[in-house]
Amino acid sequence: RHHAGAFMKTLGEAISYVSDADVMRMKLSDLAVRHASYGVDVTDLDHVGRCLIYTIEKTLPRREYNPQVKQAWLKTWAAFQGVMEPALIAAKNPVADDFAYLNFHYVDQTHLSIVRTTWVQVSANKEDYGVDMFLHLFRLVPTLKAIFSFGAIEPLESS
């Protein structure tokens, strides 16, 4: 539960500085480097993104989750992933090219506004929704359980 809550807290922080590209690059790069030491791989970011979108869809009332909301979250995750991927690669391969940030994506104000508005609803119960997201992630990619200290689904489900 703690890591699920921490993930959602970090996501909220990332949303708050997504409009400041320099801060976002610095914070998410540091986060990626830290996670590289835990064994997180670039492909894991795809899985986390899919599970995050699933969680947002499951969390929001049906009438509020629409193609615009999905697109806003997809673009925002792409921005996060565009920073984290090259940082993960560089952390695992120190000779990686520093110009990898050329794939950085900016999130336009319309999508950012949608994400921030829907985040208010999700963040109200961020620990519970974080647990749901990790349970979905572990079902999707069971091998990821080994990366996390809490690894076992059973205690997570019963919390």
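**Helices, rings and a core**

Modeller: Phe 7, Phe 134 and Phe 138 come together as one aromatic cluster. Keep in mind that this is a predicted model.

Colleague: Fine. What elements does the protein have, and how do they run from the N terminus on?

Modeller: They run α-α-α-α-α-α-α. That is seven helices and zero strands.

Colleague: How many aromatic pairs does a search of the whole structure find?

Modeller: Four aromatic pairs turn up.

Colleague: Take Trp 73 and Trp 119. What makes them a pair, and why is it called tilted?

Modeller: A pair of aromatic rings is described by the distance of the centres and the angle of the planes. Here the centres are 6.3 Å apart, and the cut-off for pairing is 6.5 Å, so the two rings count as a pair. The planes sit at 50°. Stacked needs under 30 degrees and edge-to-face needs over 60, so tilted is what remains for this pair.

Colleague: And why would you say that the pair of Trp 73 and Trp 119 ties together parts apart in sequence?

Modeller: Because Trp 73 belongs to helix α4 and Trp 119 to helix α5, which puts the joined parts 46 residues apart in sequence. Both residues are buried, too.

Colleague: What about Trp 77 and Phe 80: what kind of aromatic pair do they form?

Modeller: Edge-to-face. Trp 77 and Phe 80 both sit in helix α4, three residues apart, or about one turn of the helix. Each of the two is buried.

Colleague: α4 keeps coming up. How do you know that the span of helix α4 agrees with its 26 residues?

Modeller: Helix α4 covers residues 67–92, and at 1.5 Å a residue it should span 38 Å. Its end C-alpha atoms are 36 Å apart, which agrees. By the way, Asn 66 caps the N-terminal end of α4, with a side-chain oxygen 2.9 Å from the backbone nitrogen of Gln 68.

Colleague: How does the end-to-end check come out for the 15 residues of α1?

Modeller: α1 should span 21 Å, and its end C-alpha atoms are 21 Å apart, so that agrees too. The buried residues of α1 include Phe 7, Met 8, Leu 11 and Ile 15. Among the elements covering the buried residues of α1 are α2, α3, α4, α5 and α6.

Colleague: Which residues of the largest nonpolar core touch the most other members?

Modeller: Leu 11, Met 24, Leu 28, Trp 73, Phe 80 and Phe 134, out of 48 residues in that core. Two or more residues come from each of α1 (2–16), α2 (21–36), α3 (42–59), α4, α5 (109–123) and α6 (126–140). α4 gives the most, with ten residues.

Colleague: Now His 47 in helix α3. Why does it count as buried?

Modeller: Its relative accessibility is 18%, and buried means under 20%, so His 47 qualifies. Beyond its neighbours within four places in sequence, His 47 is in contact with Leu 137, Leu 140, Val 141 and Leu 144.

Colleague: And what share of the 159 residues in the protein do buried residues make up?

Modeller: They make up 44%. As for the contacts between residues at least 6 apart in sequence, 75% join residues at least 24 apart.

Methods. Residues are numbered from 1 along each chain as its sequence is written. This is a predicted model: local features need pLDDT of at least 70, side-chain atom pairs count only at pLDDT 80 or more; totals for chains, interfaces and linings use all residues. Side-chain values use heavy atoms; hydrogens and water are left out. Helices (H or I, at least four residues) and strands (E, at least two) are DSSP runs, numbered from the N terminus. Buried means under 20% relative accessible area, exposed over 50%, partly exposed in between (1.4 Å probe, protein chains only). Contact means heavy atoms within 4.5 Å. The expected span of a helix is 1.5 Å times one less than its number of residues. A polar contact is a pair of N or O atoms within 3.5 Å; within protein, one must be able to donate a hydrogen and the other to accept it, and residues adjacent in sequence count only if both atoms are side-chain atoms. A nonpolar core is a set of buried Ala, Val, Leu, Ile, Met, Phe, Trp, Tyr and Cys residues joined through side-chain atoms within 4.5 Å. Rings of Phe, Tyr and Trp (its six-membered ring) pair if their centres lie within 6.5 Å; planes under 30 degrees apart count as stacked, over 60 as edge-to-face and the rest as tilted.
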